[in-house]
Amino acid sequence: MLRYYPLMVIAVLISGLSLAPVVGFASAISAPALQLKSYDQLHKRVWHTEHGLPQISVVAITQDQQGYMWLATEGGLAQFDGNKFTVFNAANTALFTNPLLRSLFVTTAGDLLVGSSDKLILRRDQVFSELKLNGKSVGSVEAIVENSKAQVFIAAQQLLLWQDEQLSALPIPPRPVTSLLADGDKLWIGGPGYLAVWQPQLTPAEQYQLVYDQQQPGWLIKAMQVNQQGLLLATAQGLWQYHAKSGAVSLAEPHIQDEVLLLFKQQNTTWIATYHELFQFQNEQLVARFDISAAQGVPWLVSAFQSKDGYLWFGSKTHGLMRLRADATANYAVASGIPDPYVWALQATPDELLVGYNGGLASFDGERFSTLLSGSQLSHPVVYSLYRAQDGVLWAGTRRGLNRISADYTEIVHYPSLDHIQINGVTQSADGTVWIGTFDGLYRITAQGQQPELMSALLEGASTRIRMVFTDSQDRLWLGTSTGAYVLEQGRLQQVNDPLLSNVYVSFITELTDGRMLLGTFQHGFAYEDGQGGWHKVLPQQGLPTPDVLYLAETPQGVLVSNFNGVYRLASQVLQHGEVRAQVIIDDSGAEAGIDGFRCCNGAGNSKGVVWHDKLYLPTLNGMVSVDLPTLRDDIFTPSAVIEHITAAGQPLLSGALLTLAATQRDLVFSFTAPVYYRPKSLIFRYRLKGYEHDWTEVSDRRQAFYTNLPAGKFQFQVQVRYQGEGDWSDVVEQQLLLKAHWYEETWFYMTWVLLALLLFYLFYRLWLKRLAYQQQRLELMVQERTQQLDAANQQLAALNQRLQQQSVTDALTGLHNRYYLQQIVDPLLAAARRQGRVLHCLLIDLDNFKQVNDLCGHQAGDAVLQQMAALLKRLVRQSDHLIRWGGEEFLLILESTESPDLFLQRLQQAMKDEPWLQSEQQPTKISGSVGVVTYPFMDNNNWSWTQALALADKALYQVKASGKAGWLQLIPDSQADEPRYWLQRDVPQMLSSGAFRFEASLEVKAKLQQLLVATAMQD
């Protein structure tokens, strides 16, 4: 027996439990946490025919696997996605010529069954068809259920079973069936005056049992639910109880003797509706009973359903569709005891919440308001700001003037000089000075002063439109104005130095728990100190749902921000430069503002929000709104997109894994949506036709994509959805398409045209060739003659060029290479040496006493000596070496050999001694040579260039001359000789004495150099 408990009239919305299967939906439902709220705190949304319902009577409700709500009415079937109703009736579906529908059910396989007053209709893959029994319609379908074995039972003119795509009649007595209930292996059957059970696991003779036979006229079972005693029976004579142990049937609840129109059970919660009342039982105890007459709500409830998102749906016989939603918010307005709903200011104390409203000052204890001061006791009835001072005094700013109220609210002091202006905020410094922010400037009342003082000099150059005043823990005074934020420290007022914050409307100021300051703005989000002398900004373009800040609270549950369009929450990490991920708590924007939630928020400046007893309270134009912080859900709901249908030239196309389209179907319209039943207008979609376009197109109200003149090919239409300014994009939903090509777009057609074009080209080409052949014959003779002439001329020119090239790099007298040759090869030669990691031995050779040869024997004899010397050198060098006449009687020899140059020098000196030089009377001495040697690059010094190395060789040569000639000297700089220009200005003994150079030399030169170095050392 259900027991009645006379509690206050409240409604409980179950959200957060995994619900058992209910009539109309066969799978378990997951929803948010259990919340117990008064009926006026539940968010109610009602849809009527003006919103798109085909008819006002919603007699059955269910939800399919895609999330669509399906509604059976007496004017046809409606599919609802939260945004629009799609109606199926006689106008578009032949099976609905009789629009009087009776029942709905979605099977575990995803099929939608629709019972009308004359037939049973199946919807599968967007196609409706009738299920017939032996070729005939089944008649009026009153109920549909499915058991755990996927057997579907239909209460029609007889009890039917639909299994394995077959419809059959159960072998039971032919009595009318008005209600069915699947209970494990049992099927409970209710009808006029009887209750029966069918158990297929028993023998055929025992399968059907009549449990109860009621002879009372009009006793009719309309719905059944299992409870601890047995079954609850909804009848036209009230709520009855079938007792399973005794088999007796009795009245279950004396208070429910009217006709029961609705019996709906969740896990441990049962909803029962009569014509004008709705009862809610939990654990078989009545916890709610409220009037739902036309004056109080939606009467005559006949259907109910719990959707996947945890919302409770009611269908009315006379008032359409209603959805109930519970969240963490609550509203306290006139019904809670406040005389006027316009609330402007809040101030928390340990025991009460002070509330400034249009009629004065009230206190709030968490449930009810009580008046503290009426508007007539204050300078103006509208209390716009509140501040509790250190001494307990309450400062109340109004639309016209300031009031100083004693801690016990018995003494009130007015300040007539401020009665002409609105007081936006009040704060107090450590020395007791009270600061008052107004649109007329900044005022102060000192601890010893009696009257407000306008601080005009202090604000010189600053905005006088002060929205908020705030004193931080360092006793600094902060001002939020229409042109940025200012801070008063040690008697100096300075503007916050930031390119953005010095030019925006600062609407809110607070100090974070770690001591950093935070500034809220209009249109530009908020900013907080970054700890390095600057400000970190959180801007709308980073993902804030709205750009304004009226109030911001730092709580354990995150950062809550109120604005003109509602309230949203950010993760606490956002105050540490974290990612902006918003969760909308109250949405008061757009066309649905106030329809599916509370209106919020109100006013800007001081005292426009407060956290009190784990709740955030905010002023509104309809009392206060609270957010119960511990019950806020951490997860952000992400809707799922659905591609509804595709049309080509106005004709709908059947969907499939791959949709193949004819060549003529090039103009396509894709319709998509997301079944969402809270804030559907806040959804934004993005779509693209992959394979045709790369970028996404973003839309909101328009849930269609249009494409014209598409090319042939394979494409994927993709769509995603999310809430505006909240959450991530949903998973991609796509439909693959194959657009066939026209015959003239086929490959064979293009190949045919290509072949024809090639054939025509070939024919024209052949004709052109014949024409050219004749002309060619005429030209060949002319060309042959001219070619012969040109060949002869070219050969002459080539020979001349070759001679000229050779002459440009060859010394005319000796036939050796000249300096120009060295200019051409030196860079490649050095690069190859560096690349191969080898060195070049450079020998600068000068003939000794050559001037005497010229002077005594004449220049012809000197030329002969030079030629003989060149021939001698050619015999000694290898093919890879470079032999150059350097000038006059000097020769440059570059050896690419890896052997030491002294071996070559010994051969050279011996060869010169053995050479049979041309003799004459005037030639008294034999020819010898002095040689300066360097090996480049230097092993211990990279500071010397090639030119400087040659200069060093020249210096070595002249030192040989000075040491008696007929020898050689090699100078080797080490790492200390890092200034080539300096050392080239020194003589060889100085170089060697410095220790920056080493040397190698022939014996005679070496001996004389050592004597010279000893003598130099003795002089030093």
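**Aromatic pairs, charged contacts and a disulfide**

Good morning. I begin with two residues, Y505 and F522, both of which are buried; buried means under 20% relative accessible area, exposed means over 50%, and partly exposed lies in between, with a 1.4 Å probe and protein chains only.

The model is predicted, so local features need pLDDT of at least 70 and side-chain atom pairs count only at pLDDT 80 or more, while totals for chains, interfaces and linings use all residues. Residues are numbered from 1 along each chain as its sequence is written, and side-chain values use heavy atoms, with hydrogens and water left out.

I turn to the aromatic rings. Rings of Phe, Tyr and Trp (its six-membered ring) pair if their centres lie within 6.5 Å; planes under 30 degrees apart count as stacked, over 60 as edge-to-face and the rest as tilted. This rule gives 49 aromatic pairs. For Y505 and F522, the ring centres are 4.9 Å apart and the planes stand at 40°, so this pair is tilted. Y505 lies in the loop between β47 (492–495) and β48 (506–511), and F522 in the loop between β49 (517–521) and β50 (526–529), so the pair ties together parts that are 17 residues apart in sequence. A second pair is F749 and W753, which is edge-to-face because the ring centres are 6.2 Å apart and the planes are at 75°.

Helices (H or I, at least four residues) and strands (E, at least two) are DSSP runs, numbered from the N terminus. F749 and W753 are four residues apart in helix α1 (residues 747–808), and therefore separated by about one helical turn. F749 is buried, at 17% relative accessible area, whereas W753 is exposed, at 52%.

Which residues form one aromatic cluster? They are F670, F672, F685, Y687, Y692, Y707, F715 and F717.

Charges also sit over rings, a term requiring NZ of Lys or CZ of Arg within 6 Å of the ring centre and within 35 degrees of the ring normal. K608 lies over the face of Y384, 4.0 Å from the ring centre, and R819 lies over the face of W886, 3.9 Å from the ring centre.

Finally, the structure holds one disulfide, defined as a pair of cysteine sulfur atoms within 2.5 Å. This disulfide joins C600 to C601, with an S to S distance of 1.8 Å. The torsion about the S-S bond of C600 and C601 is about 75°, so the disulfide is right-handed. Both C600 and C601 are buried.
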